[in-house]
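Student: I'd like to learn how to read helices in a model like this one. Can you walk me through it?

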Amino acid sequence: MNQTYLDRTFRLLFVILLAVVAIVSIFYLSKITYPFIIGFLIAFIMNPLVNFFQYTCKLPRTFAVVLSILIILSLFAGLITLLIAEIVAGAAYLADVVPKHIDTLIEYVENIFTAQIIPFYNKIASLFNNLETGQQDTIIANIKNVGEQVGTKMGDFIQTFFQKIPIILSWFPNAASVLIFSLLATFFISKDWTRLAAKFGKILPSRVHRSSKTVFFDLKKALLGFIKAQLTLVSITTVIILIGLLILRVDYAITIALITGIVDIIPYLGTGLIFIPWIIYEMITGQTGLAIGLAVLYIIVLVQRQIMEPKILSTSIGLDPLATLIALFVGFKLMGFLGLIIGPVTLVIISTLNKANVFHDIWKYIVGKNNT
């Protein structure tokens with residue numbers, strides 16, 4: 001084999017091996033270092049605010065970091081308090097209204113049983129009694145078999161559910177410890193941000209350092225753009241739902257719109273988790289006008305989400321709308337709902353590495369210095 005092609009093959013295999021080792025290492029290390037990764041991301045996001053307090057307001061770096069963390073925590077606490085207050089008010093309203101709706105639903109079910117199910121049962125029983133003994137035994141055996149399977153599935157589900165309870169309860173102290181370590185990591189990383197960045201820059205070769213700065217800057221821009229895009233989409237959904245509910249004269253429209261807007265973070269299923277059961281219930285209880293209005297509102301929200309999501313994501317992140325749409329679809333097919341987030345993020349990383357000429361440099365390394 002030609003020595004040039006042999007060298008290229010060796011360098012290609014070396015690059016692939018290095019990439020695989022890096023990905024596997026990051027995957028396994030992230031499982032035990034994720035509080036510090038969270039801390040780094042928070043420090044990364046709030047660094048402009050810290051710099052503002054430090055350089056514009058002339059505050060010491062440590063005090064600027066503490067003040068920034070307190071402001072962020074206060075904003076989250078305020079939003080959660082507002083949401084809880086709205087939910088409590090809505091819950092009080094539902095506590096008064098829901099029993100009446102339950103009575104209506106029970107009455108509807110009773111009418112269904114009386115008018116439809118009991119006559120149907122009598123008809124089936126009459127047909128069953130006219131069958132031969134062997135046919136009756138076969139049907140009974142099949143019914144018992146189905147019943148046993150359903151009972152087994154239900155038993156397994158209940159057993160699994162109760163086995164998960166200790167795991168769920170153990171999540172709370174773990175979440176508290178992760179929160180504490182993440183906040184501490186945020187404080188120390190943000191406080192020493194400049195020193196850590198300078199030390200990191202000295203470790204890397206100058207060319208790699210320049211490429212890393214480009215990648216870091218583009219990823220920062222893309223990350224903030226992605227968060228901005230999601231907040232924009234949720235805000236648009238919330239406003240549309242609020243306007244629609246006010247037009248339909250639904251009580252506690254603000255509470256319902258806020259909750260539905262938050263649930264809309266779950267892609268595709270988001271608003272459907274609220275609207276679909278609500279529409280079905282209004283149809284059952286005879287509120288056909290309201291059910292049609294809610295259905296129209298749900299379709300509007302669904303359509304605007306599908307149209308606006310690729311456009312807003314591409315504008316905020318700086319990607320082509322078609323590429324963003326493909327990333328969303330491929331991510332969803334490969335990883336489910338989580339892929340709707342990972343897909344665009346992966347596209348951002350690939351695009352950023354391409355802009356920083358990382359792939360070009362890797363290709364030059366593979367083909368060799370004397371080749372183009």
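Tutor: Start just after helix α1, where K58 takes a positive phi of about 60°. Helices here are DSSP runs (H or I, at least four residues; strands are E, at least two), numbered from the N terminus. This is a predicted model, with local features needing pLDDT of at least 70, side-chain atom pairs counting only at pLDDT 80 or more, and totals for chains, interfaces and linings using all residues. Residues are numbered from 1 along each chain as its sequence is written, and side-chain values use heavy atoms, leaving out hydrogens and water.

Student: What does α1 span between its end C-alpha atoms?

Tutor: The expected span is 1.5 Å times one less than the number of residues. A straight helix of 54 residues would span 80 Å, but α1 (residues 3–56) spans only 60 Å.

Student: Where does α1 bend?

Tutor: A bend is the angle between axes fitted to the seven residues ending at a residue and the seven starting there. In α1 there's a bend of about 85° at T33, and the proline P35 follows within four residues.

Student: Why is T238 called buried?

Tutor: Buried means under 20% relative accessible area, exposed over 50%, and partly exposed in between (1.4 Å probe, protein chains only). T238 has a relative accessible area of 15%, so it counts as buried. You'll find T238 in helix α5 (residues 206–247).

Student: Which residues does T238 contact, leaving aside neighbours within four places in sequence?

Tutor: Contact means heavy atoms within 4.5 Å. For T238, that gives A257, L258 and G261.
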